[in-house]
Amino acid sequence: MKATLRNGLLLVGTLGVFGCGGGADIDAGGGLGATPGGEQDVALLRESVARGVVPVAAAMTVPGFLAEHDLPLEAPVCTQVLCISAGVGVARAIDTGKNEVFVQLGFSSGLEAATFERDPLNLMAVVDRSGSMHGEKMEAAKTALHKLVDQLGPEDRFGIIIFDDRFDLLVEPAPVTNKAALHAKVSTITDRGATDIESALRRGFELVRAGTSASRRDRVILMTDAQPNTGRVGTMEFQNLVNQYAAEGVGLTALGVGIDFGQELALAITHARGGNYFFLRDRAKIETVFDRDFDFLVTPLAYDLHMVLRAAVGYRIKEVYGLPASPEGRTVVLDAATLFLSRNRGAILLRLEPSGDWGDGRVLAETELSYETAEASMGGERVTQQLSAGYGGEAALGADTVWFSQRGVERTVAIVNAAVAVRRGLELYHQGQRSQGAAEVDKARSALLTAAGADALNADLRTDATLCERLAGLMRGTTVGPQPTSSPQPSTSPQPSTSPQPGAQPDDDEPYRLYGCSTTPGNRPTAGVALLLVAIILARTLSRRRTR
């Protein structure tokens, strides 16, 4: 990538963050971020609700919901390709109603959107033209292809395969020197036949490998409704194919179309190294993916992020949100095959449950991690580092504590709580418990509105709350029919708001949410109170192994 910073990882540990404001060297806004690969949205769920359809529970994934939102943490300004920071919250878990500990790990980058230029691509588009793509799905795929062509240049190598029950090479892979000819080819695509994805995808990988060069990044883009019905159709067979070429450095981006999209297949094949997945719900989403974010979605920042996290004695790791994981007591091992450059600062959220006494919480979790820079194959580094995070409130930590090291953690906890409640609500609905399902979605709406407050920068949370309101109405039968909606645009970095809801008055009997400070309703922070912020940077490098 051009505009490259010094390779490496800056690790910021907010171990006991105090005060109610920022500092001169604190950054919670601007710049770019990083998100783990795999699903990058819940647009299939949004489109279903917009059309008046109650989606299946699998349409709500926590990683996809997190990836849609900008989740910055206040931390020293990132000057590296990849920075990881931590924040802590003590808040109610929506599924149990009990207060638990949440530890957020956030991903940001020192790369700037204004100066960033992606590396040249060696790219094949593999496009579904089968009969199931008839109508608006085919038009969406062709619109996406036209947008894709517009993003390419002479330094890129590009070709197109179209497929139904067989595949045809529509455009031979070659440098992009005649866009008009490419657009003309795209316009000729029509739907027909059955769907053999595997054969066409395999050929796409083969053609990319045949054109591999040190100056280009290798990638296949698959556009489909993911409904294979001929040839090899098993998920494991697709995974084996994708993993084979991922190991050879060829990434896969899956772009889904159609409300009947087979999301399970896309999720299974895009968690491989270099993989990601987006659902193209409408023209606005297509424009966002290609006109605004294309350079980022084809740019891995890091590979093979490996983390071993340990909770403090007296706590167990109950859940991990944002990456697949199987916690075992105090320990969990997390692996992310790829971190991609993104306009959004991504996050992983850990949920810790005390087994008895809460303790002082000064150290709640510690982690060791390592990752490989995306340039490692060309002489990059692998970095191993450590991080700790803990509670910094003045009051004793306990079951009644409600505390956040910063506002960004409250935002992330609310988003995860909402995703958990919506998915549970959808499960109940499809089990025939419709009113109970709607009640869960109501909880999600309430959690989002509470976290959003009156802050204009949290408009995306209010958009999500409106989505929940409509979904609950569909479940109860009080809302019927399609209603156009739009996906939330990534918000700018959220900051604590001092403005109350219009007409609202503070209630001294209600819990006061704390951000890195300990106060009571009778002693709330004001502008005249000195602000103290302690950020402990634990960036000690344990080892750096050159791979040159």
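Predicted model: local features only at pLDDT ≥ 70, side-chain atom pairs only at ≥ 80, totals over all residues.
Select E427 first: this residue is partly exposed, with a relative accessible area of 30%.

**Stop 1**

E427 belongs to helix 10. R424 counts as partly exposed, at 38% relative accessibility.

E427 and G437 stand 10 residues apart in sequence, and their C-alpha atoms are 7.3 Å apart in space.

**Stop 2**

Move to R202 and E198. Their side chains meet in a salt bridge with an N to O distance of 2.7 Å. Both residues lie in helix 5 (residues 197–210); because they are four residues apart there, about one helical turn separates them. Is E198 buried or exposed? At 4% relative accessibility, E198 counts as buried. R202, by contrast, is partly exposed, with a relative accessible area of 25%.

**Stop 3**

Now select R51 and E136. A salt bridge joins their side chains, at 2.5 Å from N to O. This pair links distant parts of the chain, the two residues being 85 residues apart. R51 is found in the loop between helix 1 (43–50) and helix 2 (62–67), while E136 is in helix 3 (residues 136–150). With a relative accessible area of 33%, R51 is partly exposed. E136 is exposed, its relative accessible area being 51%.

**Stop 2: a network of charges**

How many salt bridges does the structure contain? The count comes to 35. To view a group of linked residues, select D95, E100, R316, K318, R351 and E353 together. A network of salt bridges links these residues.

**Stop 3: aromatic pairs**

Turn next to the rings. The structure holds five aromatic pairs. One of them is formed by F116 and F296, and it is tilted, with 5.8 Å from centre to centre and 40° between the planes. The two residues are 180 residues apart, and the pair links distant parts of the chain. F116 sits in the loop between strand 7 (99–109) and strand 8 (121–128), and F296 sits in helix 9 (residues 294–297). F116 is buried, with a relative accessible area of 7%. F296 is likewise buried, with a relative accessible area of 5%.

Then select F205 and Y245. These residues form a stacked aromatic pair, 4.8 Å centre to centre and with 5° between the planes. F205 lies in helix 5 and Y245 in helix 6 (residues 235–246), so the pair ties together parts that are 40 residues apart in sequence. Both F205 and Y245 are buried.

**Stop 4**

Select strand 14 (residues 300–311) and show its surface. This strand is mostly covered, for nine of its 12 residues are buried.

R273 lies over the face of Y303, at 3.9 Å from the ring centre.

**Stop 5: a hairpin**

Finish with strand 9 (residues 157–163) and strand 10 (residues 167–175). These strands pair in the antiparallel sense over six bridges. How many residues lie between strand 9 and strand 10 in their hairpin? Three residues lie between the two strands.

Terms used. Residues numbered from 1 in each chain as written. Heavy atoms only, no water. Salt bridge = Lys/Arg side-chain N within 4 Å of Asp/Glu carboxyl O. Buried < 20%, exposed > 50% of the residue type's maximum accessible area, 1.4 Å probe, protein only. Pairing = 2+ DSSP bridges. Phe/Tyr/Trp six-rings, centres within 6.5 Å; stacked < 30°, edge-to-face > 60°. Lys NZ or Arg CZ within 6 Å of the ring centre and 35° of its normal.
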